[in-house]
Every structure is written in C-alpha cells, then in structure tokens.
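Hi there,

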Amino acid sequence: MNNRLKALTKGIIDVSPLMIPVFPFGIIYGVIGMDLGIGPYMTLGLSIIIFGGASQIVLLQLFSGGASSLVILSSVAAVNARHVLYGAVLSEHLSGLKLSWKIILSYVMTDQAFAVSNDYFKKNSKDKNQHYHLLGSGFTCWTIWQISTILGIVLGSVVPEELGLSFTISLTFLALLISDFRKFKNIIVMLISGIVATIGYNIIPFKAYIIIAALSALFVAALLTLADSEKK
Amino acid sequence: MHWSLIIYAGIITFITRFSMIFLLKKDILNDKAKKILSFVPAAIFPAIIFPPIFLDDAGSVDLENNPKILAAIFAIIVGYFSKNIIATIFAGLILYWFLIFVYYQ
C-alpha cells in the first residue's frame, strides 16, 4: 500500500468510532427539518452546503421562530466560530499545500475529523502525505452525515409530532457538552449563557438572544482565563 | 426559507474553516486566545438548550410540572457518569417520554 492510501485509510479507521453519535444526530436533524416544514430538498441542501450539524439546527430553530436573516447568519457564524480554532491549530501542518487542497480540506473539517487528524499530524509531522488522513476522516464524516440526513428525512414524514422530538435538540446539544461538566469554569460559563438566553428570550429584540448570551458567556470566559494566567 | 440564506450560511461556515488554514503559515494564536476559543461550545450551546426547556409556549418561565427540566437533569447525571453522548440523549428522551405519556397522564 502506498503512503497516500495508507494515510487515507488510517483517517477513515480513526474517525469511525466517532461516527456512532453522529449518525443518530443526523437522523434527528433530518426529522426536525421535515418537522419544521422546509421540505426534503432544503433539509438535505443544508447538510451539503453548510455541513455543520449544530449550526444547521440553530438555523432551522431561528428560522421557524421568525428571526431575521442577519440574526440567523450571525448565529450560524457564532456556532461555527470554534472552527477558527481548529484551522489555526491545523494550519501549521497544511501551510505547504496547494490552494485546491486547502479548500477541499476546509470544507470537510469537522469536530470529529479535526480531533483524530490533529492527533495523527502531531505524530507523523514528517510525512509529506499526512493530509490524506484528514481527507479520509473528513469525507467519512461527510458521507455519514448525508446518509443519516436522508434517513431522517424519510423518517421525518412518518414520525408523529406527539413524540416531542424537538426536545431532542436541547438533549443533543446538552450531550455535546458532557466533557465540560467536570470543569468548574466551564460550568460557570454554561450557566451564564443559559440564564442570559432564557431571560433575554423575550427581552432581547430580533431573536438575537443566542448571540448576546454567547458573547456574555465568552466575555466571562475571557475574564476567568486572564485572571487565571495572572495568578501564575 | 430562501436558498440564498442557505448559501450565505454555507459561505460563512466555510470561511470559519478556511480562514486560518489559508492565512496562517504557522500556528500564531497565543495560548490565551486558544484557551478562550475553547470555551465557545460552553458559551453557545446552553443559549440554545435553556430557553426551550424553561420557557412554555407563551414564553414565560415554567418551573412546575415541567417534564423537560427533570429529563434534562437526568440526562446531565447520565452524561456526567457515562461520558457517553448517545446514552445521554436517550436517557433524557426516555425519561421525557415516560413523564409525558405515563406519569402526567
């Protein structure tokens, strides 16, 4: 097996276990898309064009709540702001690549692909073909996400509304935070975000409560981080 | 919904992924900036989680007879101990279904 194929295969294998929670998440997303009545083409279109589960659900939720485009788009940007961090971390390993490679790899860079490929890059920094690992992990995520979205679209037309599946949005995001539950500072940041959003839901105009809550919480996170570094 | 909204959202998402890979030669974000960016999920997701759980259809805070609060607390407990995403979602969903279909009936 040549090096490229080896890195590609390794990427697919490494990311596979992380696909177990992604699959039901995609189904839930597809069901919600159908539930909110945007139809199968747009539900799948979001998965292909945006390819970011959390931001797709936020977009749907704000849209169905009647938010303006500006608020929807800035909320999508806020939810995806963590990718800036991933890009900054990976840029060291990808800076030598052609522009076309950078574009393709950026499109498929998800939380899961970042996690496994960053790990691989650190261990194999001398390998010229290491970027094939991210191609493998990223396109595995992509494929799983599209398949599960389609399954959700199919199920969404038969799942009865009484099941209260919109509650799964809250549960899904809650589950994405489980690694934060053990960190005291993160708990403070989470509580501020949640409380500001709940109080602000009716008070803050234009459905901008997600952005305002996130910025307030991030401001506190910055204060906590700076206070912590001064102590040292 | 208009397709243009979806395309703009796609472009914005792509920019968040592409910008640093395109611009940086090396990793130049300092540790403090990285630390703060690592709080982004904790700062945003609760803003999405809390309002639908605590607010009723009329938009006022509903703390009594609210099955979503109990189900969310149960999900947090299961998540804390299991560290398993799927177990967390299903624990919350199953308690929620039990409460709305059996307990509150």
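Below is what was found in it, going from the contact between the chains down to single residues. Please keep in mind that this is a predicted model.

**Where the chains meet**

Let's begin with the contact between chain A and chain B. Chain B gives 61 residues to it, and chain A gives 75 residues. On chain B's side, the elements that supply two or more residues are helix 1 (3-23), helix 2 (31-37), helix 3 (40-54), helix 4 and helix 5. Helix 1 of chain B provides the largest share of that side, with 16 residues. If you sort the residues of chain B's side by class, you get 43 nonpolar, nine polar and nine charged.

From helix 10 of chain A, the contact is made by Phe167(A), Ser170(A), Leu171(A), Leu174(A) and Ala175(A), while helix 4 of chain B brings Lys68(B), Ala72(B), Ala75(B), Ile76(B) and Gly79(B). By class, this contact has seven nonpolar, two polar and one charged residues.

Ile100(B) sits in helix 5 of chain B, which covers residues 85-103. Leaving out residues up to four places away in sequence, Ile100(B) touches Gly164(A) and Pro67(B). Ile100(B) and Pro67(B) are 33 residues apart in sequence, and their C-alpha atoms are 7.0 Å apart in space.

In chain A, find Phe23(A), which lies in helix 2 (residues 19-35). Phe23(A) has 16 C-beta neighbours inside 10 Å and therefore counts as partly exposed. Setting aside neighbours within four places in sequence, Phe23(A) is in contact with Ile144(A) and Ser148(A). For Phe23(A) and Glu230(A), the separation is 207 residues in sequence and 43 Å in space, C-alpha to C-alpha.

**Domains of chain B**

Finally, the domain assignment of chain B gives domain 1 (1-36) and domain 2 (39-105). The C-alpha centres of these two domains lie 30 Å apart.

Happy exploring, and write back whenever you like!

Technical notes. Residues numbered from 1 in each chain as written. Chains lettered and ligands numbered in written order. Predicted model: local features only at pLDDT ≥ 70, side-chain atom pairs only at ≥ 80, totals over all residues. Helix = DSSP H or I, 4+ residues; strand = E, 2+ residues; numbered from the N terminus. Contact = placed C-beta atoms within 7 Å. Nonpolar A, V, L, I, M, F, W, Y, C, P; charged D, E, K, R; others polar. Domains from an automatic or database assignment. Buried ≥ 20, exposed ≤ 12 C-beta atoms within 10 Å, placed from the backbone.
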